[in-house]
Amino acid sequence: MEKLISVLIRPSNRSGSLYLTKMGFLPVPLGLLQLASSIRTVPGCEVHIIDMEAENLDVESAVEKTLQMHPQIVGITVHATAAYNHARDIMKRIKERDRSVIVIAGGHHATFLPESIIADGFDIVVLGEGDETIADIVRAVKEGTPLEKVSGIVLRTGGRIVRTKPRKLIDEMDSLPFPAFDLIDRENYHFRTFGEDETVACLETSRGCPYGCDFCSVTPTWGYRRRYKSNQRIIEEMKLVEKLGYRWVFFTDDIFLLPQNLRQRERLFGDMKENGLKLSWIAQMRADAIARNPEFIPLAVESGMKVVAIGVESGSRDVLKKMRKNIKVTDTLKAIEELDRNGVVVLLSFMIGAPYERKRDMLSTVKLAFRLAGRGADVVQFTIYTPLPGTQIFREAVEHGKTIQSGLG
């Protein structure tokens, strides 16, 4: 078989990205870069990436650009539920033009609604961690072996929808190939809040989360157990993106600082300084980890930390408990003050609309947001509490018949 061509697509949200429109923040599609590098491990394979938002493409333009490459495989990430409508539209238009193209869906949304996505017309759904799975799919297509032998997928075969055996999570994170940054244009990925020429890459240092917030699909996707890259590997990746000209790094770990990894992070901060890295970086952290370990913040700042995002979620102790967030408001206050004292830009997120939330809980949340803004928070955002597929609240909503069909599945 001649060279096999794959195209990986990041679809845009129909409503557009809040971070892009309000903050000029558009990071690289790290998940696709990682998948692309896995595909490249299969001999005789070529891969391309299309990023609708970065390239300012509508659905028809994305489809046209895809088909011009004459791919045998198209992979579409449905990491965000809000992007599914565009993902489905792309799939359908590709199928209308060329039925032979195998169209794959992956990401959080796809992982937890695979049967409905197959019913919509996708050929394969990758469940959870897709690094090894995508390489196995590409290899099977290239060699003509049965796709049913590939672990960790759902597919349509012989008129039936088949779920193959589960795939184990990757233990050795250092075994992953380096992300394929050469497949994208650095100039498309920016952080204009800090300047027109500020470009931002994404890197991950770990996967998994030991917490179980009821609104989050991260833990069901990546698992409770944390799996880490070595500090040496992290430094090598940072050197790579700095050499490529990126000015910022967004660490995509859902929680960058945990009680279990404090010493590892302390050594990492020292390694960043010793290697002379000039990158500014962004991380997501829990307020309690900061409040109880404030000595780590100056070390992080010295190594380049400039922005921290914290999920506060609610100002109500009862709501936080029911969310299984398990964070005290006093810890949040201490964390914001510590970050502000060290010159860190602080982004806070809150949720409104949980089914167990009362009016007075909402008012407590709004009051806390104003209070934290006075203590040093720089950006405060409110989102609607939403039962995303894979979350505890989604399962409960389905069990009690409280879901509403909205065109997202």
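**View 1. Helix α2 passes helix α7 in a right-handed crossing.** A crossing counts as right-handed if the near helix is turned clockwise from the far one by less than a right angle, and left-handed if anticlockwise. This is a predicted model, where local features need pLDDT of at least 70 and side-chain atom pairs count only at pLDDT 80 or more, while totals for chains, interfaces and linings use all residues. Residues are numbered from 1 along each chain as its sequence is written, and side-chain values use heavy atoms, with hydrogens and water left out. Helices here are DSSP runs (H or I, at least four residues), as are strands (E, at least two), numbered from the N terminus. So how do you describe two packed helices? You give the angle between their axes and the distance between the axes. For α2 (residues 30-39) and α7 (residues 131-143), that's an angle of about 45 degrees, with the axes 8 Å apart. Axes are lines fitted to C-alpha atoms, for helices over the stretch in contact, and angles run from 0 to 180 degrees between N-to-C directions. The two helices are therefore oblique to each other; angles under 35 degrees would count as roughly parallel, over 145 as roughly antiparallel, 65 to 115 as roughly perpendicular, and the rest are oblique. Look for Q34, L35, S38 and I39 in α2 meeting D131, I134, A135 and V138 in α7 (contact means heavy atoms within 4.5 Å). By class, the contact of α2 with α7 has 5 nonpolar, 2 polar and 1 charged residues. Ala, Val, Leu, Ile, Met, Phe, Trp, Tyr, Cys and Pro count as nonpolar, Asp, Glu, Lys and Arg as charged, and the others, Gly among them, as polar.

**View 2. Helix α3 (residues 59-68) and its buried residues.** Which residues of α3 are buried? They are V59, A62, V63, T66 and L67, where buried means under 20% relative accessible area, exposed over 50% and partly exposed in between (1.4 Å probe, protein chains only). They cover an arc of only 125 degrees around the axis, which puts them on the same side of α3; the arc is that of the directions from the helix axis to the C-beta atoms. An α-helix has 3.6 residues a turn, so residues three or four places apart point the same way. The cover over these buried residues includes β1 (4-10), β2 (45-51), β3 (73-77) and α4 (84-97). After α3 comes H70, with a positive phi near 55 degrees.

**View 3. Helices α9 and α10 pack at an angle of about 40 degrees.** The axes of α9 (residues 231-243) and α10 (residues 262-274) lie 10 Å apart, and α9 passes α10 in a right-handed crossing. From α9, the contact takes N231, I234, I235 and M238; from α10, it takes Q264, R265, R267, L268, D271 and M272.

**View 4. Two buried residues, D331 and T332.** Both D331 and T332 sit in helix α14. D331 has a relative accessible area of 7%, and T332 has 2%. Setting aside residues up to four places away in sequence, D331 touches A287, D288, A291 and R292. With that kind of neighbour left out too, T332 is in contact with A287, V312, I327 and L372.

**View 5. Helix α14 passes helix α15 in a right-handed crossing.** The axes of α14 and α15 (residues 359-375) come within 9 Å and cross at roughly 30 degrees. That makes α14 roughly parallel to α15.
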